[in-house]
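Me: I am new to this structure and would like to learn how to read its features one at a time. Could you take me through them slowly?

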Amino acid sequence: MRENIEQSLLSSVSRKPGPIYLGVCIFLGLILLGSIAAWIWQIVYGLGVTGMNTPVFWGLYLVNFVFFIGISHAGTLISSVLRITDTKWRRPFTRLAEAITVFSLPFGAMCVIVDLGRPDRLLNVMYFPHFSSAILWDVVCISTYLITSILYFYLALVPDIAICRDVLKNVSPWRRKLYSALSLGWSGTQKQWKVLNRIMTGMSIFLFALVVSVHTNVSFVFGMTTKPGWSSTIISPFFVLGAIYCGVAAMIFFMIIFRKIFHLEMFITQKHFNSAAKFLLALCCFWLYAMIIEHLFGFYHGEESEYHLFMDKMFGHYAISFWVMFACCFPIPFVVLAVPRFRTITNLFIICIVVNIGMWMERFTIIVPSGTHPLLAWGTGSYSPSWVEWSITAGWISGFALFIMIFVRLFPMVTIWEIKEEIEETMHKKDTVTAKEGVGILE
Amino acid sequence: MTRLGMVIDLDKCSACQTCAVACNTENNAPPGTPQEAEESRLMRWLQFLPHFEGEYPHVSGQLTPMMCQQCERPPCTYVCPVSATYPTPDGIVAQIYWRCIGCRYCVNSCPYTMKWFNWWKPQWPGELKNGTNPDVELRDKGVTEKCTFCHTRLQHAKEKAKVEGRGIRTGEYLPACAEACPTNAIVFGDLDDPESEVAQLARDPRAYRYLEELGTKPKVIYLKSR
């Protein structure tokens, strides 16, 4: 039984990659290379090659920044918060969720670096730090978050790498070396498990605090200015919530793909997806609540620039993007997730894409329209992203997907030891149930 | 303590825009191209805020010369991650071009939209290249810049005063816009010196400041009778 579970969970690692997998990897890699070329173009000619101007000083790059950092919260939420609360359905998802965190964070950070006018002076942030700047807080927060989540991700991976080391005998030598080096001599003794569990619980709590603080800080970059639409108190909780919403959707999206490819239907059942869908539904409702509050205040207190911005978003220049965003974030997911009959895996897959498109657009409708509305009567600005910005956006998304794809080929994408735990628990429960039933019969 | 400030009397201002030309020439702002104008990327430290009242044919218009408002509590300086923009003891909000990383956070946090970003490398066509002001440094692409009350002139005045062993005299140092104004609508000086013209005008009942409600305490004060 034990060997069987291991064999099937390791199939994603042990099987040789097919031509489709290689083709997709090469395709994603080419897009990533293209975007790097676009970035070099931008470095040579200056930020003039983007669509940004006065007064729209921030555009797609910042939208992508918030989006990637948002997606990264899936990992920490699923694996740390749900680990602390011991939620059962999270088990098959944890590894992939953590991988999403670890791989999306660097791309999020890169978005800011791409946005800099002088990326060559990046280290000035270390040489001349100014502690009242929200960007400096971001640097501190995101780098702490990155290091902690890599550690957390790696620690949970150690027992599984040890399994890879012991079970996968006929893989290439460099991979065998990699596994034995990374498994840190794990042998699965009682003591080792005790230490690992203790560290994981401690880190879970720390990471939970980090998740909230990181996205709060991301929102501070906007909220701490005087710009209409940005300067509001709800922006921080709204950002945290939105991050978790799109992060969970991204995680389910990747899970459905890999479950299909690697035939993991046995371990990740409809039941798991059902629970995840309900969780997404709850987030969807919270999102609506925060969205209404945010816009209601802008509209209701009628401050001139804030009101103009509101009207522009609802019925003006940004109306199409706003309402498409709204449809993608609330009514469509709500209907599909709330009606049990619609909650099929195919629908869930589509909904996860829709939610992510919606959340990307949400960041767009937060960042760009505020930029076009200066406080003084300078007139309304306009912004349309250039090909450089679109290329870099496409490149970063492809790069992120590419990293995930390489990862699932090298390491088990489902936490084997947690799945075993789950199976043992269910078997144990079954035993006790039968015993109880037996007692009942006897009585 | 000196607290350099400016009073602009809009009742005297004829909106001739000489100040803007003087500012560009003094501070080496590139003339810009039609393409840059179309993209809304021109470098103009001194701009004219339009204000129109009434409907045709009973329209009245006002062009208000605006530059960095040199706030006493400048929101742009709080957000700079590398302290490239900071308030000097003289009350000028300064900008260090070689330190700026070009994140444009200060530009976004300026409520007056009075900071400028070099989207392209600044260029001067033909002979104009030789006509730049040698006292003022040229900026590179990718950095933010702003009005600093022509701080190089202040430095010159300070050096001269130091050599002669005295303090700076009133009127010895004027920004280019104040110097060029043909109607003397722009008055410049130390707001902390009760004898100075600028301090007296700042107490004028016609005085107002832009976006005062934000608490930025701008040191550019406007005078206008209703």
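Me: Where in chain A is the place of Pro55(A)?

Reply: Keep in mind from the start that this is a predicted model. Pro55(A) has its place in the loop between H3 and helix H4 (60-84) of chain A. The peptide bond that joins Thr54(A) to Pro55(A) is cis, with an omega of about 5°.

Me: Which peptide bond of chain B is cis, with omega near 5°?

Reply: That is the bond from Tyr56(B) to Pro57(B), where omega is near 5° and the bond is cis. Pro57(B) is found in the loop between strand E2 (47-53) and strand E3 (60-66) of chain B.

Me: How should I read the packing of two helices, and at what angle do H3(A) and helix H16 of chain A pack?

Reply: Two packed helices are described by the angle between their axes and by the distance between those axes. Here H3(A) and helix H16 (residues 387-410) of chain A pack at an angle of about 145°, and their axes are 7 Å apart. The residues of this contact of H3(A) with H16(A) divide into 19 nonpolar, seven polar and one charged. As for handedness, the crossing of H3(A) and H16(A) is left-handed.

Me: Which residues make the nonpolar surface patch of about 950 Å²?

Reply: The patch is made by Ile26(A), Leu30(A), Leu33(A), Ile36(A), Ile40(A), Trp41(A), Val44(A), Tyr45(A) and Trp387(A). Helix H3 (residues 19-45) of chain A gives the most to this nonpolar patch, contributing eight residues.

Me: Is Ile26(A) buried or exposed?

Reply: Ile26(A), which has its place in helix H3 of chain A, has a relative accessible area of 56%, and because exposed means over 50%, Ile26(A) counts as exposed.

Me: How do I read a salt bridge, and how many salt bridges are there over all chains?

Reply: Side chains of opposite charge can pair when their charged atoms come close. Over all chains, the count comes to 20 salt bridges. One of them is the pair of Arg206(B) and Asp11(B), whose side chains meet at 2.5 Å, N to O. This pair links distant parts of the chain, 195 residues apart, with Arg206(B) in the loop between helix H7 (197-202) and strand E9 (207-208) of chain B, and Asp11(B) in the loop between strand E1 (4-9) and helix H1 (18-26) of chain B. Arg206(B) counts as partly exposed at 22% relative accessibility, and Asp11(B) counts as partly exposed at 38%.

Me: Which parts of chain B does the salt bridge of Glu179(B) and Arg153(B) tie together?

Reply: The side chains of Glu179(B) and Arg153(B) meet in a salt bridge of 2.7 Å, N to O. Because Glu179(B) lies in helix H6 (residues 176-180) and Arg153(B) in helix H5 (residues 151-163) of chain B, the pair ties together parts that are 26 residues apart in sequence. Arg153(B) is partly exposed, with a relative accessible area of 21%.

Me: Which residues do salt bridges that share partners join into one network?

Reply: They join Arg118(A), Asp120(A), Lys121(B) and Asp140(B) into one network. Within it, the side chains of Asp140(B) and Lys121(B) meet in a salt bridge of 3.4 Å, N to O. Asp140(B) and Lys121(B) are 19 residues apart, and each lies in the loop between E6 and E7 of chain B. Asp140(B) counts as partly exposed at 28% relative accessibility.

Me: Where does Arg118(A) lie, and is Arg118(A) buried or exposed?

Reply: Arg118(A) lies in the loop between helix H5 (94-115) and helix H6 (124-127) of chain A. Its relative accessibility is 12%, so Arg118(A) counts as buried, a word that means under 20%. From C-alpha to C-alpha, Arg118(A) and Gly46(A) are 8.7 Å apart in space, while in sequence they are 72 residues apart.

Me: Finally, what is the phi of Gln17(B), and what is the phi of Arg104(B)?

Reply: Gln17(B) has a positive phi of about 70° although it is not a glycine. Gln17(B) lies in the loop between E1 and H1 of chain B, and at 35% relative accessibility Gln17(B) counts as partly exposed. Arg104(B), not a glycine either, has a positive phi of about 65°. Arg104(B) lies in the loop between strand E5 (93-95) and helix H4 (105-109) of chain B, and at 0% relative accessibility Arg104(B) counts as buried.

Note on methods: Residues are numbered from 1 along each chain as its sequence is written. Chains are lettered from A and ligands numbered from 1 in the order in which they are written. This is a predicted model: local features need pLDDT of at least 70, side-chain atom pairs count only at pLDDT 80 or more; totals for chains, interfaces and linings use all residues. Side-chain values use heavy atoms; hydrogens and water are left out. Patches are made of residues with over 30% relative accessible area and no salt bridge: like charges are joined within 9 Å, nonpolar side chains (Val, Leu, Ile, Met, Phe, Trp, Tyr) within 5 Å. Accessible areas come from the Shrake-Rupley method with a 1.4 Å probe; for residues, only the protein chains shown count as cover. A salt bridge is a side-chain nitrogen of Lys or Arg within 4 Å of a carboxyl oxygen of Asp or Glu. Helices (H or I, at least four residues) and strands (E, at least two) are DSSP runs, numbered from the N terminus. Buried means under 20% relative accessible area, exposed over 50%, partly exposed in between (1.4 Å probe, protein chains only). Axes are lines fitted to C-alpha atoms, for helices over the stretch in contact, and angles run from 0 to 180 degrees between N-to-C directions. A crossing is left-handed if the near helix is turned anticlockwise from the far one by less than a right angle, and right-handed if clockwise. Ala, Val, Leu, Ile, Met, Phe, Trp, Tyr, Cys and Pro count as nonpolar, Asp, Glu, Lys and Arg as charged, and the others, Gly among them, as polar.
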